[in-house]
Amino acid sequence: YGADPILRYRIRSKLTSITNDDILIMWEGGVDSLQDDEVLKACQDRGIRTIGVSKRKLRRQLGDWLRMSQNREAPPTLLLLSRAVFYP
């Protein structure tokens with residue numbers, strides 16, 4: 001996988017990508033503006049469980065993520081760790 005600096009760089013890059021994607025989704029109208037396949041991909045990128053989950057629940061979970069990501073007091077690393085707790 002690589003040395004510590006490489007791993008840190010990759011994690012930072014992924015978090016920046018997710019943060020920018022969150023901003024774009026909100027700017028374009030939120031979860032309701034996304035197609036089902038876009039919601040699925042966004043959930044997978046964020047570590048949200050997608051197998052065996054209804055489309056409605058995926059939209060709700062992505063909406064929850066987006067609301068939390070807009071809160072400047074919640075760092076992106078905390079959001080990712082929160083997903084790890086719920087991921088079987």
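Colleague: Is aspartate 45 buried, partly exposed or exposed?

Modeller: This is a predicted model. Aspartate 45 has 25% relative accessibility, so the residue counts as partly exposed. The class runs between under 20% for buried and over 50% for exposed.

Colleague: Which residue forms a salt bridge with aspartate 45?

Modeller: General idea first. Side chains of opposite charge can pair when their charged atoms come close. Here the partner is lysine 41, with the closest N and O atoms 2.7 Å apart. Both residues sit in helix α2, four residues apart, about one turn of the helix. Lysine 41 is partly exposed too, at 47%.

Colleague: Where do arginine 67 and aspartate 64 lie?

Modeller: Both are in helix α3, three residues apart, again about one turn. Arginine 67 is exposed, with a relative accessible area of 53%. Aspartate 64 is partly exposed, at 30%.

Colleague: What parts does the pair of arginine 46 and aspartate 21 tie together?

Modeller: Start with the contact. The two side chains meet in a salt bridge, 2.9 Å from N to O. Arginine 46 lies in the loop between α2 and α3, and aspartate 21 lies in helix α1, so the pair ties together parts 25 residues apart in sequence. Arginine 46 is buried, at 0% relative accessibility, whereas aspartate 21 is partly exposed, at 27%.

Colleague: Which residues are linked with Arg46 in a network of salt bridges?

Modeller: Asp21 and Asp22 are linked with Arg46.

Colleague: How many salt bridges does the structure hold?

Modeller: Six.

Definitions and conventions
Residues are numbered from 1 along each chain as its sequence is written. This is a predicted model: local features need pLDDT of at least 70, side-chain atom pairs count only at pLDDT 80 or more; totals for chains, interfaces and linings use all residues. Side-chain values use heavy atoms; hydrogens and water are left out. A salt bridge is a side-chain nitrogen of Lys or Arg within 4 Å of a carboxyl oxygen of Asp or Glu. Helices (H or I, at least four residues) and strands (E, at least two) are DSSP runs, numbered from the N terminus. Buried means under 20% relative accessible area, exposed over 50%, partly exposed in between (1.4 Å probe, protein chains only).
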